[in-house]
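Hi,

Here is the structure I said I would pass on. Have a look at it first, and then read my notes below.

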Amino acid sequence: MAATTPPKVVFEHEGVFIHSSPDESEDQDLISGFLRIVDKDGETLVEYKPLEDADPSNILCACKDSSSVVEWTQSSEDNPRRPVDHQLSYETEWDMINAVSFRRKAHTHGDGGSNHANDRNKWAFSFNVCDLRSITVKCEGWSYIIFRLKDGTALPAIHFHQGGSTAFLDSLRKSVQINESPDDESILIVSTYSKAFSQSFENLLDDTNYGFVQKFKKDPYTTTLGGFSKVTNYLFDAFRAPELECQQRPAEEVADLLGELIPGLEINQQEEPGFEVITRPDLGPRPEVQRKGPVTMEEWEKYQDSEGRMTNVPHIKDAIFKGGLCYAVRKEAWKFLLGYFPWNSTHEERKLLQKSKTDEYFRMKLQWKSVSEEQERRNSRLRDYRSLIEKDVNRTDRNNKFYEGLDNPGLILLHDILMTYCMYDFDLGYVQGMSDLLSPILFVMENEVDAFWCFVSFMDEMHENFEEQMQGMKTQLIQLSTLLRLLDLAFWNYLEAQDSGYLYFCFRWLLIRFKRELHFQDVLRLWEVMWTRLPCQNFHLLVCCAILDSEKQKIMDRKYGFNEILKHINELSMKLDIEEILSKSESICMQIKNCKDLPHSVSEILGLNTVTEPSAALETSEYGILESPQTSPRSSHRQDHVVSNGHSHLKEATHNGCKVAFIS
């Protein structure tokens, strides 16, 4: 089990009050305290604690998996603790005891009165944001808020006599989605959403007290990265009713629930009717292709003129696609492939560029390096980014010699580049999984500045994978489903029959470009091949199709169901042959290109027969693909849908106002 990490205070505001009486009686007390939002082991807690709470004998806490509020008590010789659901809180001197309702601890001071401290700290409470249903916000000269939990419990009103309610709600919105109630604008409805990679997958997967579906709903990225091998072992158990351990929900119900869990990733959702029917074309035979050897330093230098400009760029890209690069060439070639160096730049121009980019990098690095502890205490986003980065860096590719051992300089560079990227793109900041994308680049570059700018270029392409709305992941999954259905309708129908048509098992492949499916050196080879943008756009989707094509017979012959498919795909990790995959992927591409009646949707996905403006700077490869070096990696989105007529599914894709559908 992963070690417990210290709690992080992401928001704190003193000078908030609880009124001991809901009315305005003269003898009521104003309980002054502080309100916190705390990140503990990936869980977000809201806590109120009176300032004079020196003896925490009674704090009320809503637990993430409880149906009621539970009471915190301090153990003593006179007050033995019942061994019920015992666990430590982040305030280690407190222990949690289940209670059946929101209740107060009986007074134990003789005549029933309590001392001042116990009278105040009885108002302390804490709850997990996952258990928060709504927040009532009102103003009576000052703002006050009332938390209502999902079990119906209403916590004492928190009064912001000195302001701060807006800052609190803004900070809370980073952990939950908050919307106004359509019936009452003073009530805010709270719902949890995917806070991408916001918690470590070790803690997520080791916590057996919380259902998988709830975890997947809160953090699908983390659950996916954590490995389906662990998840599928108890996937169906998570859907069992506690009193009916021997009964399981059917796989189709599990799949439907998973389809609802990730916002925007539903593939078989009902959409409006209206589509153009296209019959499935005959793809013809799949041609054989031959891979070649990697490009050597001697070959690379032949493509440079006397001033260092790269000549005949389409041919060098073809050579890289066919065989990759020797390690000695990668450090320079990757800078061109990723767009850090222009292909037509000279040696001198590249030196000036590097000097300019070095200055720019260290200006950004100085921004976070110069933040004092006092400043960071008031910057919750920077604290969050730093916490996630430190956590992820310490477990990224630690078996690689470049990152192994304690106080490894490679880890320091990995950390510093990711922190600086937060300054470069503060809207996105750091999301778990980005360290996986940086690690191979830094390994090859062996230079902080060059690695950073190459990483920036790669992130331009991968940006949408890590955005909150997951538009990039949604688009890729739908495009992959379109391609798979074209290539092998029988297999696609089998997956659909096993409630696996969502293709969620490919989520991790797409998210970090097979980084955790292949050996480290194979990742380098695959990425440099994909960065050539040959032989078509979205070549990584054909890589997915190639892997599935190799595994389909085993999946169908063994009659794998929903759970077994997830487990089988996950167990392919570190067992894949990269050269075999690349050969088959290229062969699939040639097969599709040779099809005369290719659906327009497929042509759009792969960028075939692309028409561009005559004035654009174009490059032509042996594959007939037109490439523009000036094209932005962040391309416009295409929206795909699936519609159902109640009898058979129709795959619908919308491109430039044109809808097409395959009939199965």
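A word on terms before anything else: when I say that two residues touch or are in contact, I mean heavy atoms within 4.5 Å. By that rule, and not counting residues up to four places away in sequence, Phe 452 touches Tyr 361, Met 364, Ile 417, Thr 420, Tyr 421 and Tyr 424.

Please keep in mind that this is a predicted model, where local features need pLDDT of at least 70 and side-chain atom pairs count only at pLDDT 80 or more, while totals for chains, interfaces and linings use all residues. Residues are numbered from 1 along each chain as its sequence is written, and side-chain values use heavy atoms, with hydrogens and water left out.

**The whole chain**

The protein chain has 24 helices and 18 strands; helices (H or I, at least four residues) and strands (E, at least two) are DSSP runs, numbered from the N terminus. Of its 664 residues, 55% are buried. Here buried means under 20% relative accessible area, exposed means over 50%, and partly exposed is in between (1.4 Å probe, protein chains only). The accessible surface comes to about 29,800 Å², and 49% of that belongs to carbon and sulfur atoms; the areas come from the Shrake-Rupley method with a 1.4 Å probe, and for residues only the protein chains shown count as cover. If you take the contacts between residues at least 6 apart in sequence, 68% join residues at least 24 apart.

**Around Phe 452**

Back to Phe 452, which sits in helix H16 (residues 448-462). Its relative accessibility is 0%, so Phe 452 counts as buried.

Rings of Phe, Tyr and Trp (its six-membered ring) pair if their centres lie within 6.5 Å; planes under 30 degrees apart count as stacked, over 60 as edge-to-face and the rest as tilted. The ring centres of Tyr 361 and Phe 362 are 5.1 Å apart and the planes stand at 80°, so this pair is edge-to-face. Phe 362 itself is partly exposed, at 39% relative accessible area.

Ring pairs also link Phe 11, Tyr 48, Phe 125, Phe 127, Phe 147, Phe 160 and Phe 168 into a cluster.

**Charges over rings**

A charge sits over a ring if NZ of Lys or CZ of Arg is within 6 Å of the ring centre and within 35 degrees of the ring normal. Lys 357 lies over the face of Trp 453, at 4.1 Å from the ring centre. The charged end of Arg 485 does likewise with Trp 492, 4.3 Å from the centre of its ring. Trp 492 is one of the buried residues of helix H18 (residues 489-497), along with Leu 489, Phe 491, Tyr 494, Leu 495 and Glu 496. Just after H18, Asp 499 takes a positive phi of about 60°.

**Cores**

A nonpolar core is a set of buried Ala, Val, Leu, Ile, Met, Phe, Trp, Tyr and Cys residues joined through side-chain atoms within 4.5 Å. The largest one has 120 residues, and Trp 300 and Ile 441 touch the most other members. Another core, of 28 residues, lies apart from it and includes Phe 125, Phe 168, Leu 169 and Leu 188.

Two strands pair if DSSP finds at least two bridges between them. Strand E1 (residues 8-19) and strand E2 pair in the antiparallel sense over 10 bridges, with Phe 17 opposite Ser 32 in E2. On to strand E3 (residues 43-50): 8 bridges join it to E2, again antiparallel, and Asp 39 stands opposite Thr 44. E2 and E3 form a hairpin with 2 residues between them, and Asp 41 in the turn has a positive phi of about 55°. E2 (residues 30-40) is mostly covered, with 10 of its 11 residues buried.

Phe 17 turns up again among the contacts of Ala 157, together with Ile 18, Tyr 144, Ile 145 and Ile 146, leaving aside neighbours within four places in sequence. Ala 157 lies in the loop between strand E9 (143-149) and strand E10 (158-160).

Best wishes
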